[in-house]
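The sequence and the model come first.

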Amino acid sequence: LEGRVSRELGNACHRRHEYVAALQHHERALALARVLGDVDAEAAATINRGNALQGLGRNEEAGADWIRGLDLAKACGNPRWEGNAHGNLGLLAEDRGDYEEALAHHGRWLDLASESGDRQAEGRARGNLGHTLRLLGRFEEAERELERYREIAREIGDRRGEGVATGNLAMLLLDRGRHEEAREELERYLLIARETANRGAENVAVGNLGVVAWHQGRIADALELIGRQVELARDVGREADEAVPTGNLGLLWLALGRVEEARKHFELALGLARRHGLKRVEGYQLHFLGMTALQTGDLDAARERLEEVLAQRRATGYRKGVAETLVAIARLDRRSNDAKSARSRLEEALAISEELGQSGIEAAARAHLAVLGGDAGAAVRAHRESAAETGHCERMESAFLLWQATGDPDHLTEARTMLGSLTEHAPEEHRASLREDVPLHREIREAWAEHAGSGDGPTSS
């Protein structure tokens, strides 16, 4: 009885993000289980201790506990604990960027839950599968699993699970460029998170609403929301959860022309990712640091960073990320006057984006290819068809590239209008640096000044 009480107290502390207290209760439960020779209770306590260690950012120790817990659960034939261990190990594998291992663990958890009739566990396993499938760009499969998770959660009254499924569906919509639908789902997620007092979920929902704001060009709103996400992560003591929003803040500072502030955030996020074994997040920061170096003209540093992240993303199977990095390296190749390499990178990115249905990446690749003498008509069509699915800054760049490729003044007008909107929605004190210190923004303004003449601006003939 004392061991069960310790376990329940530990789980209650964990839900409140009181990880030190949770660890103490689970260690007490583990000690009692060992004294009594209760293998089933030892499996549960070992897995729960791993959960508390993960909450404290001690992922390597957590992984060791989950492996040990899995062995114990198999020994005593308890599918519940075995499934929990597989689910946790799957998430750990995903953080390392080992997506195939993650899929194997989540698939095994789903099998165990289905065999035992544990519907809550089945829903959670489907949610984890959906999350990993999304990262692999297998969007239709991901959507099926996540929708099923939400259905199961609603059927059994698991409000917290419904929120998690809703949040993951929102990120899937964001990945597919459906920004307004993503925002609506995230508002639902935030409502459920607050209703269920799930501060970790609230943190994620607030930050992802900031990401949506960024994609829509509302940079001041994005700064506020993502800054709040960092504060929430600190409040609950989850240092690992600071890594992604810290890097996202860096992206916003880069768009505002505040290069050193951006670099500081990327380096901090990179350190957090490496300290906690978050390989996928590490890849994001390397990519961002490469883009920072490219923006400042340090081409050697840019190439080193971007080639490193490209190799990492190829190795882990993160194909959307591969395509994004290929486009970034093509920008670098163009700056280095290596048109042949740029074309090769862009053609590979184009093939991946078409396969994954990533119309925004496709539009960017085609626009760069058009500047290099490729099919301008196809680039214009891709730009037009991806209008609702492309982030504000990406679309602005594509419009400017199309003007360079075709000379059509409508494209320059679009780029200039989008820059004006971005400036209007930026904090007033940073508008000057946004206009003057970001090379793309400066080039758009200079082109407009040169070609607008004394009228209202370029017009089609």
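Where is the place of His-17? His-17 sits in the loop between helix H1 (2–15) and helix H2 (19–36), helices being DSSP runs of H or I with at least four residues, numbered from the N terminus.

The model is predicted, so local features need pLDDT of at least 70 and side-chain atom pairs count only at pLDDT 80 or more, while totals for chains, interfaces and linings use all residues. Residues are numbered from 1 along each chain as its sequence is written, and side-chain values use heavy atoms, with hydrogens and water left out.

**Overall fold**

The protein chain has 24 helices and 0 strands, a strand being a DSSP run of E with at least two residues. Its radius of gyration is 24 Å, close to the 23 Å that the globule rule gives for 461 residues, so the chain is as compact as a globular protein of that length. The radius is taken over C-alpha atoms, and the globule rule is 2.2 Å times the number of residues to the power 0.38. Along the principal axes, the C-alpha trace spans about 85 × 45 × 40 Å.

Of the 461 residues, 56% are buried; buried means under 20% relative accessible area, exposed over 50%, and partly exposed in between (1.4 Å probe, protein chains only). Among contacts with a separation of 6 or more, 55% join residues 24 or more positions apart, where contact means heavy atoms within 4.5 Å.

The accessible surface of the protein chain comes to about 19,700 Å², and 46% of it belongs to carbon and sulfur atoms. Accessible areas come from the Shrake-Rupley method with a 1.4 Å probe; for residues, only the protein chains shown count as cover. The chain carries 62 positive and 79 negative charges, and their mean positions are 2 Å apart. Lys and Arg count as positive and Asp and Glu as negative, with His and the chain ends not counted; each charge is placed at NZ of Lys, CZ of Arg, CG of Asp or CD of Glu.

**Nonpolar cores**

A nonpolar core is a set of buried Ala, Val, Leu, Ile, Met, Phe, Trp, Tyr and Cys residues joined through side-chain atoms within 4.5 Å. The largest core holds 54 residues, of which Trp-214, Ile-219, Leu-252, Leu-256, Met-396 and Phe-400 touch the most other members. Apart from this core lies another, of 25 residues, including Ile-329, Ala-342, Ile-361 and Leu-369.

Leaving out residues up to four places away in sequence, Ile-219 touches Trp-214, Leu-252, Ala-255, Leu-256, Leu-422, His-425, Ala-426 and Pro-427.

**Loop residues with positive phi**

His-17 has phi near 65°, a positive value in a residue other than glycine. At 15% relative accessibility, His-17 is buried. Asn-337, in the loop between helix H17 (319–335) and helix H18 (339–356), is likewise a residue other than glycine with a positive phi, near 60°. Asn-337 is exposed, with a relative accessible area of 71%.

**Helix residues**

| Pair | Apart in sequence | C-alpha to C-alpha |
|---|---|---|
| Glu-282 and Gly-247 | 35 residues | 9.7 Å |
| Leu-440 and Gln-295 | 145 residues | 8.9 Å |
| Gly-377 and Ala-364 | 13 residues | 14 Å |
| Arg-431 and Gly-257 | 174 residues | 9.1 Å |

The contacts given below do not count residues up to four places away in sequence. Glu-282 belongs to helix H15 (residues 279–296) and is buried at 7% relative accessibility. The residues touched by Glu-282 are Leu-270, Ala-273, Arg-274 and Gln-312.

Helix H24 (residues 439–452) contains Leu-440, and His-441 lies in helix H24 as well. Leu-440 is partly exposed, with a relative accessible area of 22%, whereas His-441 is buried at 3%. Leu-440 touches Met-396, Glu-397 and Phe-400. His-441 is in contact with Ala-255, Met-396, Leu-419, Leu-422, Leu-434 and Arg-435.

Arg-431, in helix H23 (residues 431–436), is partly exposed at a relative accessible area of 25% and touches Thr-423, Glu-424 and Ala-426. Gly-377, in helix H20 (residues 376–385), is partly exposed at 33% relative accessibility.
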